[in-house]
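Me: I would like to learn how to read the features of a protein model, one at a time. Could we start with the overall fold and then go to the details?

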Amino acid sequence: MIQIRKSWYELLKDEFNKDYFKKLQEFLKEEYSTREIYPSEQNIFNALNHVPLDKIKVVIIGQDPYHEPNQAQGLSFSVPENVDIPPSLVNIMKEIEDDLHITCYKNGNLERWANQGVLLLNTVLTVRRGMANSHKDKGWEILTRRIIEIVGQREKPAVFMLWGSYAQSFAPLIAKQHLVLKAPHPSPLSAYRGFFGCKHFSKCNEFLIKNGESPIDWR
C-alpha cells in the first residue's frame, strides 16, 4: 500500500518495520476495504513524494486531511483545482495577498507550492469520510513526528510555519539554524487573533534569499 519516494523510504524504513506502523497498516487495510477513506491510497504520502529532503525550503504543518468528498489530496491545506477553497486556505491566501501585495490564483491546489520545495505535511495522513480526527492516535503521529524531526535536524536551513498551538508543539524538534515562524491557526475561529498581519510569507522569502535560496512564488 505504501507508495513513497525512494529517498524518503530509505530515511523512514526503520519506522515502517516497527510494531506501531505494522498495526497502523493493518488498521488502514481494514478501513480502506470497508469504509470511505481520504485521501486515496496512492496519495497518502503525496507531501513526501513532491519534495525530497534536500529540496525542502519550507514546512507547513497541518492536522488531518479534509474529510468531505473530493477534497483531500495528501497535502496540508490543499484541495484540487475544481473544489471550493476551504475557509482556512481562503485566509492563508488573504494574508499572502496583504503581505506580498500579489494576487493569488483562485484555486486551492497547492501542488504549485509543493513543487517549489514546500512540505505540506499533515500529522495524521488519513481520515474517514465526514469524521474529522477519526484516524487520530492510530500511529500516524509517531511517523510524522519523526519526519518533522528529520527535517528539523537537517543542517541546511529551512523555514517552519507553525500555525496554532498544535503545530507549535513541534518547535522543540527544530534546530536553531532554521527559521521558526509562529502564529494562530488561519481558521475563521482564530485568524483574527494574530494570523492576519503575521507576515510569515515575506519573512520566509527574506530568510530563503539570505541563505542563498530562491524565494517561493506564493501565488
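Reply: Start with contacts along the chain. In the protein chain, 67% of the contacts with a separation of 6 or more are between residues 24 or more positions apart. Keep in mind that this is a predicted model.

Me: How many helices and strands does the protein chain have, and what pattern do they follow along the sequence?

Reply: There are 8 helices and 6 strands. In sequence order the pattern reads α-α-β-α-β-α-α-β-β-α-β-α-β-α. The radius of gyration is 17 Å, close to the 17 Å that the globule rule gives for 219 residues, so the chain is as compact as a globular protein of that length.

Me: What box do the C-alpha atoms fill, and what percentage of the residues count as buried?

Reply: Along the principal axes, the C-alpha atoms fill a box of roughly 45 × 40 × 25 Å. Of the 219 residues, 53% count as buried.

Me: Now helix packing. At what angle do the axes of H1 and H6 cross?

Reply: The general idea is to take an axis distance and a crossing angle, then look up the class of the angle. Helix H1 (residues 6-16) and helix H6 (residues 140-152) have axes that come within 11 Å and cross at roughly 135°. That makes H1 oblique to H6. The crossing of H1 past H6 is right-handed.

Me: Which residues in H1 meet which residues in H6?

Reply: From H1 come Trp 8, Leu 11, Leu 12, Glu 15 and Phe 16; from H6 come Ile 142, Leu 143, Arg 146, Ile 147, Ile 150 and Val 151. By class, the residues of this contact are 9 nonpolar, no polar and 2 charged.

Me: Is Glu 15 buried or exposed?

Reply: Glu 15, which lies in helix H1, is buried, with a relative accessible area of 8%. The cut-off for buried is under 20%. Leaving out residues up to four places away in sequence, Glu 15 touches Tyr 20, Phe 21, Ile 142, Leu 143 and Arg 146.

Me: At what angle do H2 and H6 pack?

Reply: Helix H2 (residues 19-34) packs on H6 at about 125°, and the axes are 9 Å apart. H2 and H6 are therefore oblique to each other. Tyr 20, Phe 21, Leu 24 and Leu 28 in H2 meet Trp 140, Ile 142 and Leu 143 in H6. The residues of the contact of H2 with H6 are 7 nonpolar, no polar and no charged.

Me: Which residues of helix H8 are buried, and what covers them?

Reply: In helix H8 (residues 200-210) the buried residues are His 200, Phe 201, Ser 202, Cys 204, Asn 205, Phe 207 and Leu 208. Their cover includes strand E2 (58-62), helix H4 (87-100), strand E5 (159-163) and strand E6 (179-183).

Me: At what angle do the axes of H4 and H8 cross?

Reply: The axes of H4 and H8 come within 8 Å and cross at roughly 60°. H4 and H8 are therefore oblique to each other. Ile 92, Glu 95, Ile 96, Asp 99 and Leu 100 in H4 meet His 200, Phe 201 and Ser 202 in H8. This contact has 4 nonpolar, 2 polar and 2 charged residues.

Me: How should I read backbone angles?

Reply: Most residues other than glycine have a negative phi, and most peptide bonds are trans. Asn 70 is not a glycine, yet its phi is positive, about 70°. Asn 70 is in the loop between E2 and H4 and is exposed, with a relative accessible area of 59%. His 101 also has a positive phi without being a glycine, about 55°. His 101 is in the loop between H4 and helix H5 (111-114) and is exposed at 71% relative accessible area.

Me: Which residues does a cis peptide bond join?

Reply: Tyr 38 and Pro 39, with omega about -10°. Pro 39 is in the loop between strand E1 (37-38) and helix H3 (46-50).

Terms used:
Residues numbered from 1 in each chain as written. Predicted model: local features only at pLDDT ≥ 70, side-chain atom pairs only at ≥ 80, totals over all residues. Heavy atoms only, no water. Axes fitted to C-alpha atoms, helices over the stretch in contact; angles between N-to-C directions. Helix = DSSP H or I, 4+ residues; strand = E, 2+ residues; numbered from the N terminus. Parallel < 35°, antiparallel > 145°, perpendicular 65-115°, else oblique. Left-handed = near helix turned anticlockwise from the far one by under 90°. Contact = heavy atoms within 4.5 Å. Nonpolar A, V, L, I, M, F, W, Y, C, P; charged D, E, K, R; others polar. Rg over C-alpha atoms; globule rule 2.2 N^0.38 Å. Buried < 20%, exposed > 50% of the residue type's maximum accessible area, 1.4 Å probe, protein only.
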